[in-house]
Amino acid sequence: MSSHILISVRPGRTRAALVENGALVDLRIYDDGQESLVGNIYLGRVEKVLGSLAAAFVDLGGGVSGFLAAADVRPPGDTATSDISGYVSEGQAIVVQVQRDGFEDKGPKLTARVALGGRAMILNPDDPGVRVSRRINDTGERARLETLARDLAAPGEGFILRTAAAGQGADSLMRDATALRQAWGLITEKADQVTAPALLSEASSPLEHILRDFTPGDVGRITVDDPTDYTKARAWCAAISPDMSDRLNQHTGSVPLFDAFDAQTSGGGEDSIEAAIDEALSPTLALRSGGSVLFAETPALVAMDVNAGGAAKGGHGQSVLATNLEAVDLIARQIRLRNLSGLLVVDFISTKNKKDQGKVLDALKRAVAADPATVFVGGFTRFGLLEMTRRRTRPALSSILLDPCPSCAGQGRRFSGLGVAHRALDRLAIESDLAPADRLALAVGPAIANALQGAAGPALDAINQRFGRPFKVIRDDGLAADAFEIVKEP
């Protein structure tokens, strides 16, 4: 599989796109001030134990309380009791790790089973056993890695071999294991020296997280557009994963990285990465056959409706099965890219042929197998709807890039002011490079003006510094809230 990681860095925002076989399949966005807590390790203090919920609330400090379920504090293999009070008590200090960020009115989800991730392997200090990534399919390679990891494991600890471990030798895995053990030693040492609640270990920077956790083990190319982060990436690769160094490239063109590279779009076309991101926010996507898939996100579930495009059979007169199978590939890719989670329901084009339903079900299971989030495909209901669930790991893409529309009382969505502000600055830089003699200014709608005065301010400062002069920002209430224009300075 051909894969390409593109890392676009702007002041205040880092984005990483994963392109596989020419299609955008995943996108990560890191905004300053909205950093994820996932992976952070704390010495927390148990605030309250709720036996009825088989859970406890743990104070992490800074006014943040996390949710710790009994299943996440019970020692591996211990089935003696389901009562969480047998494991924790109010006022107790406990080492916990954030598994999932809080959302809406829910706090972060915690676990007492700490896991430390490296490029090739994950150390489970208190969970013995060896597991190998399901994405490593070769039986012989799986057996080889299991043997190496068992030889490396100390009593009481376990390892998970990641996809990047494929092909790695004993010396490389030993270096990874040693570094992870040293990190765990520092964490336990700090836990003995501080008073709960306290942060023991903070998750890595966006760049390190992308290179370590988001980049596939078989990545063919990594492109970074920021010179400083490119230098940091080279240093990280040299120290942690030397085999990645020769795949690292710097984007130096005047066209922004996500506009300079293309990806497949729905309906069989091809456009920029930026356009593919916009498409992932659209409620309706076209199929090559002429049909379409409608996506509807609600608080309770995500519904997807496959349409034949008005043809009697499938799209463009092809069979219903062929159109449904075409929709399977698009749906599997989009639920990952859009980061749709919870209960997902698909209304495929109706067919009474149970054999065809089985083919669609099997195809969907294969299509979601590569998704890093846990996806469970349940099957068809008595009403012909296909149900599945996907584990929630981070906010949906729409919640990051779209804002509620004030014109329709929040029933619709529009592009967020922050996201459009970054695009506007990219376009301003391009136009200024093309016409350096012109004194250009940026006319913006209210939402973008507010973003440029707030979260996007550092990005505006960086543009001003690059061109050696301040660009004038003109607030134009006559423009749509999320619209902008490049104009000559009045």
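The model is predicted. A search of the whole structure finds 21 salt bridges.

**A strand-to-strand salt bridge**

- Asp31 and Arg13 join through their side chains in a salt bridge, with an N to O distance of 2.7 Å.
- The two residues sit in distant parts of the chain, 18 residues apart.
- Asp31 belongs to strand E3 (residues 23-31), and Arg13 to strand E2 (residues 13-20).
- Asp31 has a relative accessible area of 7%, so Asp31 is buried, the cut-off being under 20%.
- Arg13 is buried as well, because its relative accessible area is 6%.

**A helix-to-helix salt bridge**

- Asp433 pairs with Arg466 in a salt bridge, and their closest N and O atoms are 2.6 Å apart.
- Asp433 counts as partly exposed, because its relative accessibility is 34%.

**A salt-bridge network**

- Arg15, Glu274, Asp278 and Arg423 form one network.
- Shared partners among the salt bridges join these residues.

**The Arg212–Asp213 pair**

- The side chains of Arg212 and Asp213 form a salt bridge at 2.5 Å, N to O.
- Arg212 is partly exposed, with a relative accessibility of 22%.
- Asp213 is partly exposed too, at 26%.
- Arg212 also takes part in the contact of H3 with H4.

**Helix H3 against helix H4**

- Helix H3 spans residues 206-214, and helix H4 spans residues 227-240.
- Their axes come within 10 Å and cross at roughly 45°.
- H3 and H4 are therefore oblique to each other.
- Their crossing is right-handed.
- On the H3 side, the contact is made by Leu207, Glu208, Leu211 and Arg212.
- On the H4 side, Asp229, Lys232, Ala233 and Trp236 meet them.
- By class, this contact of H3 with H4 holds four nonpolar and four charged residues, and no polar ones.

Conventions
Residues are numbered from 1 along each chain as its sequence is written. This is a predicted model: local features need pLDDT of at least 70, side-chain atom pairs count only at pLDDT 80 or more; totals for chains, interfaces and linings use all residues. Side-chain values use heavy atoms; hydrogens and water are left out. A salt bridge is a side-chain nitrogen of Lys or Arg within 4 Å of a carboxyl oxygen of Asp or Glu. Helices (H or I, at least four residues) and strands (E, at least two) are DSSP runs, numbered from the N terminus. Buried means under 20% relative accessible area, exposed over 50%, partly exposed in between (1.4 Å probe, protein chains only). Axes are lines fitted to C-alpha atoms, for helices over the stretch in contact, and angles run from 0 to 180 degrees between N-to-C directions. Angles under 35 degrees count as roughly parallel, over 145 as roughly antiparallel, 65 to 115 as roughly perpendicular and the rest as oblique. A crossing is left-handed if the near helix is turned anticlockwise from the far one by less than a right angle, and right-handed if clockwise. Contact means heavy atoms within 4.5 Å. Ala, Val, Leu, Ile, Met, Phe, Trp, Tyr, Cys and Pro count as nonpolar, Asp, Glu, Lys and Arg as charged, and the others, Gly among them, as polar.
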